[in-house]
2 protein chains.
Amino acid sequence: MTRNRWTVGIDFGATVIKLGLVAPGGRVARFLTLPSGTLSQPSVFIERVSRVVEELAESVGERASRLQGVGIGVPGTVDSRRGTVRSAVNIPGWYNMRLGPRLQRRLGCPCRVDNDANLVALGEWRFGAGREARQLVCLTLGTGVGGALIMDGALYRGANGSAGELGHLVVDPRGPRCGCGARGCLEAFVGTAGILRLGRRAVRQGAPRLAELVERAHGRMTPKVISKAARMGDTSARRVWVEVGRWLGIGLASLVNLLNPDRVVIGGGVANAWRLFHPTLIKTMRTYAMASPARRVRIVRAQLGNSAGIVGAVLLWGEGAVARGLSSGANE
Amino acid sequence: MTRNRWTVGIDFGATVIKLGLVAPGGRVARFLTLPSGTLSQPSVFIERVSRVVEELAESVGERASRLQGVGIGVPGTVDSRRGTVRSAVNIPGWYNMRLGPRLQRRLGCPCRVDNDANLVALGEWRFGAGREARQLVCLTLGTGVGGALIMDGALYRGANGSAGELGHLVVDPRGPRCGCGARGCLEAFVGTAGILRLGRRAVRQGAPRLAELVERAHGRMTPKVISKAARMGDTSARRVWVEVGRWLGIGLASLVNLLNPDRVVIGGGVANAWRLFHPTLIKTMRTYAMASPARRVRIVRAQLGNSAGIVGAVLLWGEGAVARGLSSGANE
């Protein structure tokens with residue numbers, strides 16, 4: 001069957017599911033969101049998402065069955081060859097869910113599933129801040145700290161698809177408990193929960209601006225509130241971001257020594273505090289990393305924001321996919 | 001020119017240079033060593049080593065110029081495409097030394113240079129404890145802690161050839177100073193100097209057997225002496241190896257989370273204490289690593305000992321080299 005040039009990218013986030021119709025060059029022609037909450041039941045998800053995919057295709061006068069394909073990023077462990085979600089964080093009941101094959105049967109076009117951080121990395125690599133890099137580390141800062149690795153010009157998935165868990169580098173074995181059960185992971189320090197812990201400590205130690213802003217937000221502390229206080233000159237709030245930069249720098253030093261990347265791309269909501277943590281990150285990374293790989297690497301901010309995972313789906317087909325052994329089955 | 005089937009592998013160690021004539025299947029047909037000390041001057045090294053290579057070839061009735069090739073592992077930063085040693089630990093004066101081209105001109109057969117840990121990893125991967133692994137981490141324990149990565153079935157070198165510095169994962173940012181200038185690297189804990197520091201602490205805290213053995217060795221503490229005391233039942237000496245296992249386990253947990261390898265091969269002289277540190281290593285790795293990649297990985301002891309780097313040189317030619325883009329220039 002002749003396929004048209006469109007891909008639909010889907011990013012299953014904790015609160016919203018983002019869907020976009022993407023041209024081969026990475027341009028998002030149509031974009032919409034669905035609330036995640038009501039769609040966690042697999043059959044409901046497949047039906048509702050399929051209807052939206054059909055609408056997206058029709059909006060450019062095409063049929064869903066003739067799409068280049070549909071690529072779905074899921075926060076969890078994915079068997080990308082089989083299109084199976086082994087388990088997904090925050091989506092109850094998705095165990096060994098054959099998402100790819102089921103969606104493909106319903107829509108009649110190729111449907112692939114991947115880890116959400118992998119699709120973000122593919123998007124930034126081909127269309128964003130990671131362009132031209134052959135060895136790329138992509139780090140996503142949010143509730144969780146995720147990541148993905150492009151190595152020797154191809155996505156690296158590891159032995160059973162779980163590679164790239166940058167948030168679970170152990171940066172201090174005596175550090176705070178992490179959601180994964182271990183102690184002192186990078187995520188325990190710079191994931192949202194870790195940042196809020198630092199924020200609360202700042203308030204206890206006297207951070208007047210921050211305390212005031214939190215009160216105005218009905219007692220709700222968020223990374224955004226901490227950034228705002230820091231930008232308003234609150235010293236303790238500033239120190240929170242210095243601390244975040246320090247832990248990021250230590251984690252990246254290990255990565256730089258181990259993987260000798262050309263580039264590190266940092267995205268996710270928390271990266272909005274870039275200017276507040278970036279100088280300390282760079283200084284700390286240089287203190288802990290070896291001179292030669294530290295000189296080589298460029299650490300940059302992600303460019304595609306919310307749509308990285310959606311445009312990344314384009315790379316699950318064509319040339320890029322062949323290189324990664326997805327369409328040829330070379331991985332098997 | 002028709003080449004014969006032999007390769008010469010050379011491993012430039014701190015005290016001896018090992019040379020071996022290797023058959024395509026990895027069998028070492030001839031083996032000899034030269035003292036490193038007197039050969040650090042490049043022109044002396046090239047002349048002396050070339051004569052040995054000629055002798056090795058003649059011993060099987062061949063001419064050196066018809067060898068499959070000569071592969072040299074050097075402890076340092078190597079530009080493997082150009083055959084240049086950028087800088088070498090413990091070899092004064094080897095800066096931007098064009099070792100490959102110079103040796104090739106002298107011998108008349110292809111000569112390639114690589115980082116020594118890379119050749120060890122290639123050797124163990126094809127002929128030793130890493131056979132059949134597609135994602136392999138190779139860790140070498142000695143004076144320094146080295147390593148190399150085989151990823152998606154090919155040696156991973158990074159952006160400028162320095163990837164795989166497993167010894168410089170930061171495992172405790174407040175830890176002891178490391179030789180690299182940073183603090184709390186894995187090498188600072190489990191490199192020989194780190195182990196001896198633990199050994200001295202053990203003696204101070206009362207390790208009668210160890211103290212006695214050190215005295216008998218004219219006051220010289222070595223990892224071997226600490227192992228011996230531990231095997232004789234000295235509790236404090238045993239605790240040294242438990243501590244070594246703990247730091248190795250923490251470092252490997254980060255690696256397992258990040259790279260999701262099939263296998264980790266651990267070699268080098270200090271790995272002789274395997275039984276003393278291995279149980280703690282496994283326990284700690286499982287405590288700190290995520291369940292799925294921790295279940296998947298097998299952590300095994302290297303099999304080829306001293307000759308790993310020499311037989312690894314075989315893989316710089318033929319099929320393996322093509323896959324790594326060495327002979328085709330695909331990396332350029």
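Helix H3 of chain A is mostly covered, with 10 of its 12 residues buried; buried means under 20% relative accessible area, exposed over 50%, and partly exposed in between (1.4 Å probe, protein chains only). This is a predicted model, in which local features need pLDDT of at least 70 and side-chain atom pairs count only at pLDDT 80 or more, while totals for chains, interfaces and linings use all residues. Residues are numbered from 1 along each chain as its sequence is written, chains are lettered from A and ligands numbered from 1 in the order in which they are written, and side-chain values use heavy atoms, leaving out hydrogens and water.

**Helix H3 of chain A**

- The buried residues of H3(A) are A:Ala117, A:Asn118, A:Leu119, A:Val120, A:Ala121, A:Leu122, A:Gly123, A:Glu124, A:Trp125 and A:Phe127.
- Helices (H or I, at least four residues) and strands (E, at least two) are DSSP runs, numbered from the N terminus.
- The 12 residues of helix H3 (residues 116-127) should span 16 Å at 1.5 Å a residue, and the end C-alpha atoms are 16 Å apart, which agrees.
- The expected span of a helix is 1.5 Å times one less than its number of residues.

**Salt bridges**

- In chain A, a network of salt bridges links A:Glu47, A:Arg51, A:Glu54 and A:Arg106.
- B:Glu54 and B:Arg106 form a salt bridge, their closest N and O atoms being 2.9 Å apart.
- This pair links distant parts of the chain, 52 residues apart: B:Glu54 is in helix H1 (residues 42-58) of chain B and B:Arg106 in helix H2 (residues 99-107) of chain B.
- B:Glu54 counts as partly exposed at 25% relative accessibility, and B:Arg106 counts as partly exposed at 29%.
- B:Lys18 and B:Asp11 meet through their side chains in a salt bridge of 3.7 Å, N to O.
- B:Lys18 is buried, with a relative accessible area of 12%, and B:Asp11 is buried at 10%.
- Another salt bridge joins the side chains of B:Arg82 and B:Asp79 at 2.8 Å, N to O.
- In that pair B:Arg82 is exposed, with a relative accessible area of 53%, whereas B:Asp79 is buried at 11%.

**Positive surface patch**

- A:Arg197, A:Arg200, A:Arg201 and A:Arg204 form a positive surface patch.
- Patches are made of residues with over 30% relative accessible area and no salt bridge, with like charges joined within 9 Å and nonpolar side chains (Val, Leu, Ile, Met, Phe, Trp, Tyr) within 5 Å.
- Lys and Arg count as positive and Asp and Glu as negative, while His and the chain ends are not counted.
- A:Arg201 lies in helix H5 (residues 192-204) of chain A and is partly exposed, with a relative accessible area of 37%.

**A buried alanine in chain B**

- B:Ala57 is in helix H1 of chain B and is buried, with a relative accessible area of 0%.
- The C-alpha atoms of B:Ala57 and B:Trp6 are separated by 8.1 Å, although these residues are 51 apart along the chain.

**Positive phi in loops**

- A:His218, a residue other than glycine, has a positive phi near 60°.
- A:His218 lies in the loop between helix H6 (208-216) and helix H7 (223-231) of chain A, and is exposed at a relative accessible area of 77%.
- B:Glu132 is not a glycine, yet has a positive phi of about 75°.
- B:Glu132 is in the loop between helix H3 (116-127) and strand S9 (136-141) of chain B, and counts as exposed at 75% relative accessibility.

Conventions
Accessible areas come from the Shrake-Rupley method with a 1.4 Å probe; for residues, only the protein chains shown count as cover. A salt bridge is a side-chain nitrogen of Lys or Arg within 4 Å of a carboxyl oxygen of Asp or Glu. The place of a charge is taken as NZ of Lys, CZ of Arg, CG of Asp or CD of Glu.
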